[in-house]
Amino acid sequence: MIITKDILDEKVPKDMIPTRLDSALNLYTFVSFYDQSGILVYNINPDTWNCLYSFYELNHKFTLDDYTFSIESPTYRDLIDEYQKVYSRIYEVEKGNVKEVRTNILLKEYQKTFGVEEVHIGDELLPIYELKYSKSRNVWTLYYFENYVANSVTSLDTLLNQDVYPQKLLPLDASIESVDGIPLASNIPYLLSIDSNIKKLRNHLITTDRSHS
């Protein structure tokens, strides 16, 4: 479940208090070519997950298992506040992964994955927190999604025609939950339901005069 503003001060059910913290650093690319436009989403693991995601950095994310929250009966706001304190202390201060370091890693991984020469971040979108049950681990996990939008990609045609991951084009429509029968990760429709995110995505539209083959 996405933790929305309207539930921040509600108590978390005791059997849903997470014991695992996880994160993802996402980069959204909003493109237009010929008469099509949308954000590029990827089926990163079709055999296991078969779900569409924005591009995210796989190798340097923050995770913490067997975590016990300090408040016995927390609200959703308490979960987020404590997560950010732990994230800052362990991931940023102790490990040195401040925002500039994280975003540089994200851009380098994007370049390496898709074989593009340069990509730049135009803006930061609102973060998202999601509480989700992991069947494989048998625990509740609190996810923190840090979201950015690209404002330029060198060799955009290379990106549009990449074959590393199955790729789809998603219109900026929060009501869409799947593309060609493949479900979207639950945080994406929520991200597109926020007006400020849509505005920032539109402000950083990347165009090409060539077709996606």
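Good morning. I begin with Arg137, which counts as partly exposed at 46% relative accessibility. Please keep in mind that the model before you is predicted.

What does Arg137 pair with? Its salt-bridge partner is Asp65, and the closest N and O atoms of the two are 3.6 Å apart. Arg137 belongs to the loop between β6 (128–134) and β7 (139–153), while Asp65 sits in the loop between β4 and α1, so this contact ties together parts that are 72 residues apart in sequence. Asp65 has a relative accessibility of 39% and therefore also counts as partly exposed.

Asp65 has a further partner. It forms a salt bridge with Arg20, where the closest N and O atoms are 2.9 Å apart. Arg20 lies in strand β1 (residues 20–28) and Asp65 in the loop between β4 (55–56) and α1 (76–94), so the pair links parts that are 45 residues apart in sequence. Arg20 is a buried residue: its relative accessible area is 9%, and the cut-off for that class is under 20%.

I turn next to another pair. Lys99 and Glu124 form a salt bridge whose closest N and O atoms are 2.8 Å apart. Because Lys99 lies in helix α2 (residues 99–114) and Glu124 in strand β5 (residues 119–124), the contact ties together parts that are 25 residues apart in sequence. Both residues are partly exposed, Lys99 at 37% relative accessibility and Glu124 with a relative accessible area of 26%.

How do the shared partners come together?

Strand β3 covers residues 36–42, and five of its seven residues are buried, so the strand is largely enclosed by the rest of the structure.

Which strands pair with β3? One of them is β2 (residues 30–33), in the antiparallel sense and over four bridges. Within that pairing, Val31 stands opposite Gly38 in β3. The hairpin of β2 and β3 has two residues between the strands, and Tyr34 there takes a positive phi near 50°. Strand β8 (residues 167–170) also pairs with β3, again in the antiparallel sense over four bridges. Here Ile39 has Leu170 in β8 as its bridge partner.

Note on methods:
Residues numbered from 1 in each chain as written. Predicted model: local features only at pLDDT ≥ 70, side-chain atom pairs only at ≥ 80, totals over all residues. Heavy atoms only, no water. Buried < 20%, exposed > 50% of the residue type's maximum accessible area, 1.4 Å probe, protein only. Pairing = 2+ DSSP bridges. Salt bridge = Lys/Arg side-chain N within 4 Å of Asp/Glu carboxyl O.
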